[in-house]
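Thanks, everyone. I'll take one structure today, from the overall picture down to single residues. Here it is.

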Amino acid sequence: MELSSNLMGISLKNPLILSSGPMSRSGEMMIKALKAGASAVVTETIINEIRPNVRPRIINRGEGLQNIRLYSEFSLEEWEREIGIVKEHGGVVIANILAHSPSEMAFLARTVEKYGVDALELGVSSPHGEGLSIQGCDPLNLYKMVKAVVESVNIPVMVKLSPSVNNLAALADAVERAGAKGISAINTVRSILGVNIDEMTPLLPTYGGYSGEPIRPIGLGAVATICQTVDLSVSGIGGISRFSHLLEYLMLGADTCQLQSALILHGFSLIREILDELQSWMEEKKFSSLGDIRGKALNHLKSFDEIVLEPKIASGLQDCPLPRCTLCSDSCTYNALEKNEKDLVEINRELCTGCGLCISICPRDCFSMAWNG
Ligand SMILES: Cc1cc2nc3c(=O)[nH]c(=O)nc-3n(C[C@H](O)[C@H](O)[C@H](O)COP(=O)(O)O)c2cc1C
């Protein structure tokens, strides 16, 4: 059974990559990820002029994180040593670089290529720097940036896109036309995590990037759009903390996946857990390689107009196994479900319009859809 994957022509032993962030802030950290089983690592964002990080800069609520962290504190020159450490260890290193103009980006690209990185990831999508508003949203600017880099180096170039745009398909198309070999998505989501209502202040003093479990649906949507638009190597990112999350991205067309927040919250050992569970699932389902599952769900993704209207309504167990639970009847906006005092659920076939909400609301999976008639 094979977990081997391909990233822009680079063979990887599995699809799990450490994404750019504090867990990849140094050679030492990246080696920890590789030892835990990651097939490749993406450096924390490398820039030309380093700035000290603000304090505090990361907050957590539930499974979500918000950060206003601004890139690596190592200088470009210092990264030669950090990258060298990982290359000596035999690891696959992708340099995440960020610049403000095509020529500056090309300069950074040529420099880290000399340091020995295997590929590049262009940071044009940070929600807290200038990248997103200036380069990451505009297809023409993005095209120029990517083309300048592609023409300057001999290693494959991947571009990291943001979900905080309304023209993702056009941006992906610009990346492909400019000659990049891959797209990674998503970067963090521009956000304000909350407000301290006693102090009447935002929890962090500026807009930040939201990451972790809650952004996975946004990442999945972005990856599907990208895979439907371009024929590039796609690396899915956002909210991965279990093997099933990784499978969701692969089934929507991703070739590899990256993660960061779950490792910040739970440590590098999570990588081995995810890979072991993935391996067991593949064996149980008798799949011989990831090629057997890649893109399978994407094939079922329809445009809204293609969906056939079927006259289905809710159908379900009448005898509810959960006494006093009224989740289904409380949330039925069409008043079609009623739970009587004997805990029997009655479905009014006249009122039910087949919205389907009761199916996911019920904690005991009592409902399904059935033909009305
Ligand atoms: C604290 C923190 C710092 C990050 N720093 C960077 C960065 O320097 N460059 C970058 O491209 N992405 C950065 N990211 C974004 C992640 O690489 C990733 O795209 C995003 O967090 C979504 O994945 P996740 O839900 O697995 O964290 C950072 C994320 C976090 C949580």
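Start with overall size. A compact globule of 373 residues would have a radius of gyration near 21 Å, and this protein has 23 Å, which agrees. Keep in mind that this is a predicted model. Along the principal axes, the C-alpha atoms fill a box of roughly 75 × 55 × 40 Å.

Next, the make-up. The protein has twelve helices and 20 strands. Of the 373 residues, 45% are buried. Now take the contacts with a sequence separation of 6 or more. In that set, 69% are between residues 24 or more positions apart.

How is the protein divided? Domain 1 runs over 5-300, and domain 2 over 309-371. The C-alpha centres of domain 1 and domain 2 are 41 Å apart.

Let's go to helix H1, residues 27-35. Which of its residues are buried? They are Gly 27, Met 29, Met 30, Lys 32, Ala 33 and Leu 34. Note that a lysine, Lys 32, is among them. What do the buried residues of H1 pack against? Two helices: H2 at 76-88 and H10 at 269-284. And three strands: E3 at 16-18, E4 at 40-42 and E7 at 93-97. After H1 comes Gly 37, with a positive phi near 120 degrees.

Asp 276 sits in helix H10. In sequence they are 105 residues apart. In space, C-alpha to C-alpha, the separation is 35 Å.

Last stop: a helix pair. H3 covers residues 102-114 and H5 covers residues 139-150. Their axes come within 8 Å and cross at roughly 35 degrees. The crossing of H3 past H5 is right-handed. Who makes the contact? From H3, Pro 102, Ser 103, Met 105, Ala 106 and Ala 109. From H5, Lys 144, Met 145, Ala 148 and Val 149. By class, that contact has seven nonpolar residues, one polar and one charged. Ser 103 is the polar one, and Lys 144 the charged one.

One general point on helices to finish. An α-helix has 3.6 residues a turn, so residues three or four places apart point the same way. Keep that in mind when you look at the contact lists. That's my tour.

Terms used: Residues are numbered from 1 along each chain as its sequence is written. This is a predicted model: local features need pLDDT of at least 70, side-chain atom pairs count only at pLDDT 80 or more; totals for chains, interfaces and linings use all residues. Axes are lines fitted to C-alpha atoms, for helices over the stretch in contact, and angles run from 0 to 180 degrees between N-to-C directions. Helices (H or I, at least four residues) and strands (E, at least two) are DSSP runs, numbered from the N terminus. A crossing is left-handed if the near helix is turned anticlockwise from the far one by less than a right angle, and right-handed if clockwise. Two residues are in contact if their C-beta atoms, placed from the backbone, lie within 7 Å. Domain bounds come from an automatic or database domain assignment. The radius of gyration is taken over C-alpha atoms; the globule rule is 2.2 Å times the number of residues to the power 0.38. A residue is buried if 20 or more other C-beta atoms lie within 10 Å of its own, exposed if 12 or fewer, and partly exposed in between; C-beta atoms are placed from the backbone.
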